[in-house]
Amino acid sequence: PSAMDKQEEESPFAKVLRGVGGQIVRGESAVRGALRAGGNLGPSELLALQAGVYRYSEAVDLASKLVDRAASGLKTVIQGQ
C-alpha cells in the first residue's frame with residue numbers, strides 16, 4: 001500500500017496547488033527551451049511561446065493568490081485560539 005492509502009485522500013486545495021505547480025514547471029521549461037533556441041524561432045513558434053508564457057504567468061499569479069489566501073486563513077485560525 002502507498003502512503004496515500006494510509007492517510008486521508010489528498011485535499012482539493014492540495015490537488016489544485018499540485019496542478020498549478022505542474023503548469024509552472026511546464027512554463028519554466030518552455031522559457032528555458034526558447035532561451036536555448038536563441039533567435040532561431042519562427043513566427044508560429046514565437047506565438048506558441050507567447051501563449052505558453054501567458055499561461056505560465058497566470059499560473060504563477062494563481063499560486064501566489066492561493067498561498068496568500070491559505071496564509072490568511074491560517075493566521076485567522078491561529079488568532080482565534
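This is a predicted model: local features need pLDDT of at least 70, side-chain atom pairs count only at pLDDT 80 or more; totals for chains, interfaces and linings use all residues.

User: How many salt bridges does the structure hold?

Analyst: Side chains of opposite charge can pair when their charged atoms come close. A salt bridge is a side-chain nitrogen of Lys or Arg within 4 Å of a carboxyl oxygen of Asp or Glu. The structure holds 4 salt bridges. Among them, Glu10 pairs with Arg18, their closest N and O atoms being 2.5 Å apart, and Lys15 pairs with Glu9 at 3.4 Å.

User: Are Glu9 and Arg18 buried or exposed?

Analyst: Buried means under 20% relative accessible area, exposed over 50%, and partly exposed in between (1.4 Å probe, protein chains only). Glu9 is exposed at 66%, and Arg18 is exposed at 58%.

User: What separates Glu28 and Arg32 in helix α2?

Analyst: Helices (H or I, at least four residues) are DSSP runs, numbered from the N terminus. Glu28 and Arg32 lie 4 residues apart in helix α2 (residues 12–37), about one helical turn. Their side chains meet in a salt bridge, 3.7 Å from N to O.

User: At what angle do the axes of α2 and α3 cross?

Analyst: Axes are lines fitted to C-alpha atoms, for helices over the stretch in contact, and angles run from 0 to 180 degrees between N-to-C directions. The axes of α2 and helix α3 (residues 43–79) come within 8 Å and cross at roughly 145°. The residues of this contact (heavy atoms within 4.5 Å) divide into 17 nonpolar, 2 polar and 2 charged. Here Ala, Val, Leu, Ile, Met, Phe, Trp, Tyr, Cys and Pro count as nonpolar, Asp, Glu, Lys and Arg as charged, and the others, Gly among them, as polar.

User: Which residues make up the largest nonpolar core?

Analyst: A nonpolar core is a set of buried Ala, Val, Leu, Ile, Met, Phe, Trp, Tyr and Cys residues joined through side-chain atoms within 4.5 Å. The largest has 5 residues: Val20, Ile24, Ala59, Ala63 and Leu66. α3 gives the most to this core, with 3 residues. Leaving aside neighbours within four places in sequence, Ala63 is in contact with Val20 and Ile24.

How values were computed
Residues are numbered from 1 along each chain as its sequence is written. Side-chain values use heavy atoms; hydrogens and water are left out. Helices (H or I, at least four residues) and strands (E, at least two) are DSSP runs, numbered from the N terminus.
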